[in-house]
Amino acid sequence: MDAGKRAAARCAVDTYVKDNQALGIGSGSTIVFAVERIAERVKEENLNLFCVPSSFQAQQLITQHKLTLSDLDRNPELDVAIDGADDVDSDLNAIKGGGGCLTQEKIVASCAKQFVIIADDRKDSKQLGDAFKKGIPVEVIPMSYVPVMRKMEKLGLKPVLRMAQAKAGPVVTDNSNFIIDCLFDKVHNWKELNTQLNLIPGVVETGLFVGMAECAIFGKADGTVSKR
């Protein structure tokens with residue numbers, strides 16, 4: 001699906017990125033292609049861009065491609081944020097955080113005038129949960145994860161502490177927190193659920209991106225794209 005990811009990334013960068021902008025750079029495999037295209041355009045068109053990363057991975061990509069690295073202290077208002085997603089429904093609500101990044105991504109996206117999602121077309125769903133079966137990632141303070149999980153169960157969710165694959169113990173985020181994956185078996189009012197989860201003491205942020213995206217661009221294996 002790299003052809004689809006590349007097509008979506010190039011379409012987003014060519015459509016939304018312009019000279020003298022502050023850009024939010026998301027995380028994940030699709031973003032790699034977006035940063036590559038941004039670097040190409042900076043070199044070809046001599047663009048003046050300031051890039052704000054949403055994760056350690058994004059920061060590495062920015063520096064590797066010799067783009068101008070900035071932060072929200074210097075650029076608290078962003079023109080565009082481009083990021084991937086694990087699942088996008090027909091209303092442009094998204095689930096993010098399957099790769100372990102969500103809090104900083106949501107902060108960066110919230111600072112942008114335009115938030116654009118890029119993904120291959122496997123992430124294109126009618127309802128959240130169609131494409132991503134691992135639930136809603138929620139970042140939590142480590143000391144709180146047991147009581148938080150009990151409160152999640154009362155909301156009708158099935159929480160699972162995400163465990164690391166290459167080390168013993170849980171996954172640890174860029175913010176030194178844990179991730180709980182909240183499995184669900186019905187369509188919720190996502191805005192209401194997001195609020196309910198965020199009101200639980202110990203929850204840092206959820207991977208529900210509700211009403212944030214202006215556009216989602218899905219790339220297909222043949223290199224074509226569709227937009228919503």
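1. Let's start at one residue. Leaving aside neighbours within four places in sequence, Val140 is in contact (heavy atoms within 4.5 Å) with Tyr145, Val148, Asn177, Phe178, Ile180, Gly202, Val203 and Val204. Val140 is found in strand E7 (residues 136-140); helices (H or I, at least four residues) and strands (E, at least two) are DSSP runs, numbered from the N terminus. Val140 has a relative accessible area of 0%, so it is buried; buried means under 20%, exposed over 50%, and partly exposed in between, with a 1.4 Å probe and protein chains only.

2. A word on what you are looking at. This is a predicted model, in which local features need pLDDT of at least 70 and side-chain atom pairs count only at pLDDT 80 or more, while totals for chains, interfaces and linings use all residues. Residues are numbered from 1 along each chain as its sequence is written, and side-chain values use heavy atoms, with hydrogens and water left out.

3. Now to the cores. A nonpolar core is a set of buried Ala, Val, Leu, Ile, Met, Phe, Trp, Tyr and Cys residues joined through side-chain atoms within 4.5 Å. The largest one has 28 residues, and Ile25, Ile31, Ile82, Ile118 and Ile217 have the most contacts inside it. Among the elements giving two or more residues to this core are helix H1 (2-16), helix H2 (29-45), strand E3 (78-83), strand E6 (112-120) and strand E12 (215-219). Apart from it lies another core, of 21 residues, and Val140 is among them, as are Ile95, Phe184 and Leu208.

4. Strand E6 deserves a look. Of its 9 residues, 7 are buried, which leaves E6 mostly covered. E3 and E6 pair in the parallel sense over 5 bridges; two strands pair if DSSP finds at least two bridges between them. Leu78 has Ala112 of E6 as its bridge partner. E6 also runs parallel to E12, joined by 5 bridges, and here Val116 is partnered by Cys215 in E12.

5. Which residues does Ile118 touch, leaving aside its neighbours within four places in sequence? The list includes Ala8, Ala9, Ala12, Ile31, Ile82 and Ile217.

6. Next, the open space. On a 1 Å grid over the protein atoms alone, a cavity is a set of points where a 1.4 Å probe fits but cannot get out, and a pocket is an open set with protein on both sides within 12 Å along at least five of seven lines; lining residues have an atom within 4 Å of a point. Grid points are joined across faces, edges and corners, and a volume is the space filled by probe spheres set on the points. The largest pocket has a volume of about 270 Å³. Its lining has 21 residues, with Ser27, Gly28, Ser29, Asp86 and Gly99 nearest the centre. H2 gives the largest share, 3 residues.

7. What about enclosed space? A search of the whole structure finds 2 cavities of 30 Å³ or more. The largest holds about 50 Å³, and its lining includes Ser54, Cys101, Glu139 and Asn175. Helix H4 (residues 103-110) supplies the largest share of that lining, 3 residues. The second largest cavity has about 40 Å³ of space, and Ile25, Ile82 and Phe115 are among its lining residues. E1, E3 and H4 each supply at least two residues there.
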